[in-house]
Amino acid sequence: MKRIAVLTSGGDAPGMNAAVRAVVRKAISEGMEVCGINRGYAGMVEGDIFPLDAKGVSNILSRGGTFLQSARYPEFAKLEGQLKGIEQLKKHGIEGVVVIGGDGSYHGAMRLTEHGFPAIGLPGTIDNDIVGTDYTIGFDTAVSTATEALDKIRDTSFSHGRTFVVEVMGRNAGDIALWSGIAAGADQIIIPEEDYDINEVVAKVKDGYATKGKNHHLIVLAEGVMHGDAFAAKMKEAGDDSDLRVTNLGHILRGGAPTPRDRVLASWMGAHAVELLKAGKGGLAVGLQNEELVEHPILGSAEEGALFSLTEAGKIVVNNPHKARLDFAALNRDLAH
């Protein structure tokens, strides 16, 4: 394999730049040429492809976001979009692709492989909700950012004797809420993987103020449950009488310089993706399990360890879906008194 390409797709995550840098520099060390593709699969279809060299990825290791930019392009799920992208890959002499992103990005990588262009997926998302890996690129940074914000909110919560509901990202996964909530000493953590009773939430707030001598209360809410304003409204309907405020940390969690762990993880995974392409392998997703790199087929049977399977009707099924650690939810309940 003489020339490969790298792209970032889906939501941006701190560490994506570090992964791109690793792909480029590892490929160069292996005697390969590298191209960058701007704006994910949309840029591939449009031919927004350019050469990358070692200098071109200098000083991006510590930058958040993705300098290749990202865009959602659902049209790539259809054959017509795939063939347009492949036409551009052929035009630029590209023989393999590293795709950094989430589930949808992986599906595109699988389609490229099926069309004869080996592709390797790297897990890039702050939500930590990709199957086949214990941790995703960007998750550690997002937790760090959320924890810093929660610490600051706790300061003002204490100063004014208020209850705060703080909404964090995590559309279908409560990992950010759990990890940052435990780190910041949250009184309650509400996640989509676990049922909750709004009356019990309010009762705990009241008990904290009335019998435990607390003068403030911090609730961390994953966005996959509902938005903070709606949750606060439900609390009031259930009888909450505290001085209640809502803060949505929102997209601040996606930005900022990646933590050392995310930089190392992204660099490790990026270099390994190049090794897989050099060996002629494709249709694989790189993950981290038990602190070691692993690869799983993106599409196939659950028995062979594939991340996704197809039903007879052609529907994509997630094998062994990611779940947040409910033992961490129990841990926080034990520690929050």
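**Close-ups of a predicted model**

View 1. The T133 side chain gets to within reach of the backbone nitrogen of L288, at 2.8 Å. T133 itself sits in the loop that links β5 (119-123) to α5. Is T133 buried or exposed? With a relative accessibility of 8%, T133 is buried, because the cut-off for that label is under 20%. If you set aside the neighbours within four places in sequence, T133 touches P123, M269, G287, L288 and Q289.

**View 2. Helices α5 and α6 where they cross.** Here we look at α5 (residues 139-160) and α6 (residues 175-183), whose axes come within 9 Å and cross at roughly 45°. The two helices are therefore oblique to each other, and their crossing is right-handed. Who makes the contact? On the α5 side the residues are F139, A142, V143, A146, T147 and L150. On the α6 side they are D175, I176, W179, S180, G181 and A183. Sorted by class, the contact of α5 with α6 has 8 nonpolar, 3 polar and 1 charged residues.

**View 3. R39, a residue with positive phi.** R39 isn't a glycine, yet its phi is positive, at about 60°. Look for R39 in the loop between β2 (33-37) and α2 (40-46). How exposed is R39? Its relative accessible area is 24%, so R39 counts as partly exposed.

**View 4. N320, another non-glycine with positive phi.** In N320 the phi is positive too, at about 50°, and this residue is not a glycine either. N320 lies in the loop between β13 (316-318) and α10 (326-335). Is N320 buried or exposed? N320 is exposed, because its relative accessible area of 65% is over the 50% cut-off.

Technical notes
Residues numbered from 1 in each chain as written. Predicted model: local features only at pLDDT ≥ 70, side-chain atom pairs only at ≥ 80, totals over all residues. Heavy atoms only, no water. Axes fitted to C-alpha atoms, helices over the stretch in contact; angles between N-to-C directions. Helix = DSSP H or I, 4+ residues; strand = E, 2+ residues; numbered from the N terminus. Parallel < 35°, antiparallel > 145°, perpendicular 65-115°, else oblique. Left-handed = near helix turned anticlockwise from the far one by under 90°. Contact = heavy atoms within 4.5 Å. Nonpolar A, V, L, I, M, F, W, Y, C, P; charged D, E, K, R; others polar. Buried < 20%, exposed > 50% of the residue type's maximum accessible area, 1.4 Å probe, protein only. Polar contact = N/O pair within 3.5 Å; in protein donor to acceptor, adjacent residues only side chain to side chain.
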